[in-house]
Amino acid sequence: MRCSARHFTWVACALAPAIGTFAFARAQQAPVPRVIEVLADHDSRFRMAGMKEPVITVHANELVTLRITARKAKNRNRDGSIHGFSLLRAKDRSRVPGWDFLLKPGVQEFTVRAPSDPGEYVVVCTVICSDDHEGMHMKFLVLP
Ligand SMILES: [Cu+2]
């Protein structure tokens, strides 16, 4: 890195190597989230490769990256969303904070931390994407 008097004070120049080292150490420590691939399909169904009935299984507090491919069904929201992906607790259908996503056509990624409570959850679509929208849901299991 070049430090010129025009862009940096000498303090910033003196600190830059230390900050760089710190950032590098942090980057090395950060766990790489596991990628979970989901298809939000044109027939208002969630799908996962190799599974007849799609199920997302995670560990409590696990950091995961959802890589969701969305294909348009019949309808879209005014904002252009074609499906939704929202996590509910199975026992009372309450929403899990931070797990409510609107999907645009194509591939999108969301990196999120799994719930801390092990148990059964359900993913539901939140866009009235077709007449079959009510059937657009999938299981989600949180292991201890
Ligand atoms: Cu949908």
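Which strands form the open sheet of 4 strands, and in what order? The order is β2-β1-β4-β7, and the pairing is mixed. Strands here are DSSP runs of E with at least two residues, helices are runs of H or I with at least four, and both are numbered from the N terminus. Two strands pair if DSSP finds at least two bridges between them.

This is a predicted model; local features need pLDDT of at least 70, side-chain atom pairs count only at pLDDT 80 or more, and totals for chains, interfaces and linings use all residues. Residues are numbered from 1 along each chain as its sequence is written.

Start with the chain as a whole. It holds 1 helix and 9 strands. Along the sequence the pattern reads α-β-β-β-β-β-β-β-β-β.

Strand β4 (residues 63-70) runs antiparallel to β7, joined to it by 8 bridges. Val64 has Val112 in β7 as its bridge partner.

Now the other sheet. This open sheet has 5 strands in the order β3-β9-β8-β5-β6, again with mixed pairing. β3 (55-59) and β6 (95-103) stand at the edges with a single partner strand each, so one side of each has no neighbour in the sheet. Neighbouring strands of this sheet are turned by 20° against each other on average, direction ignored. Such angles run from 0 to 180 degrees between N-to-C directions, with axes as lines fitted to C-alpha atoms, for helices over the stretch in contact. Within the sheet, β8 (residues 119-124) and β9 (residues 137-143) pair in the antiparallel sense over 6 bridges. Val124 stands opposite His137 in β9.

Next comes the packing. Nonpolar side chains tend to be buried together in soluble globular proteins. A nonpolar core here is a set of buried Ala, Val, Leu, Ile, Met, Phe, Trp, Tyr and Cys residues joined through C-beta atoms within 7 Å. Buried means that 20 or more other C-beta atoms lie within 10 Å of a residue's own; exposed means 12 or fewer, partly exposed in between, with C-beta atoms placed from the backbone. The largest core has 23 residues, of which Ala40, Leu103 and Val123 touch the most other members. β1 (34-40), β3, β4, β5 (83-89), β6, β8 and β9 each give two or more residues to this core. The largest share, 3 residues, comes from β9.

Across the chain of 144 residues, 19% count as buried.
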